[in-house]
Amino acid sequence: MSASQEEPLFGENIDKSLFEEGLVEIANNLRERGKSVFDLQAAKNEMSVEKDKYVLINIYKGHASIVVVDKELFETILFSPVWGQMIDGPNLEFRDDFEAVRRMVTTIPLQQYHVCLSDSGKEYILTRNMYYMPWLKKSRSFFVGESAMAYLYLQLLCLTVVPSRYRLIIDDCLEFAKRFAKEIAVRENDIRGTEIRALFRTLSVSEHYASAAVEQSSRNNPKSGQSAAILYFSSFKS
């Protein structure tokens, strides 16, 4: 393979200005050593005494991301979720019987994490957004575990799990979200690999039933997925 055909080393194509200083270098070192953020003593030292966050894979308008919610907030206005549970936004009903509860809904932010490719396709961008609980009513989410990880190290986790090359679509946001979720599920929640794989097989960013089936098939078995896609799109031809 010629030098021009080689993939850039991890970190060379990261937009470093969007990350805390030094995180890219730390992530690169962890990847080279085959280590996780959870192996870092600094990350362990800054973990909460108890798991105080819920981690969700969130899907909204054909886009997947990781959303981290304050555990007390979620349980106060909704319920205690079960691992892998699908949370259907349009059907959510928030508890609002006290003024204090109503304030929590609009004052305690959710943290959203997403890594994607830039429009040029030459560098990765980490997006961190803050939303509030009503935003969950617009989307569907899947509960993938509790976390005690400090927010800084959740950023680092983004960098350690981002795929070196996306597949199927230009910025495969779902692939990133699944890798992030798997780390939380395995390292903090002792979820078995079979349970994780069973959940991941059901996930897609598509809202249309037929296109979701094609997407799931493509992710789980690229060869059969390609055949299904050909049949699906051929059905539109006269």
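**Packing around a helix and a strand**

Tutor: The buried residues of helix H7 pack against E1, E6 and helix H6 (173-189). Contact means heavy atoms within 4.5 Å; buried means under 20% relative accessible area (1.4 Å probe, protein chains only). Helices (H or I, at least four residues) and strands (E, at least two) are DSSP runs, numbered from the N terminus. This is a predicted model: local features need pLDDT of at least 70, side-chain atom pairs count only at pLDDT 80 or more, and totals for chains, interfaces and linings use all residues. Residues are numbered from 1 along each chain as its sequence is written, and side-chain values use heavy atoms, without hydrogens and water.

Student: Which residues of H7 are buried?

Tutor: Ile196, Leu199 and Phe200, in a helix spanning residues 193-201. They cover an arc of only 95° around the axis, so they lie on the same side of H7. The arc is taken from the directions from the helix axis to the C-beta atoms.

Student: How many bridges join E1 to E2?

Tutor: Strands pair if DSSP finds at least two bridges between them. E1 and E2 (residues 63-70) have eight, and run antiparallel. Val55 stands opposite Val68 in E2.

Student: Why is E1 largely enclosed by the rest of the structure?

Tutor: Because seven of the eight residues of E1 (residues 53-60) are buried. E1 also pairs with E6 (residues 140-147), antiparallel, over seven bridges. There, Asn58 is opposite Ser141 in E6.

Key: Buried means under 20% relative accessible area, exposed over 50%, partly exposed in between (1.4 Å probe, protein chains only).
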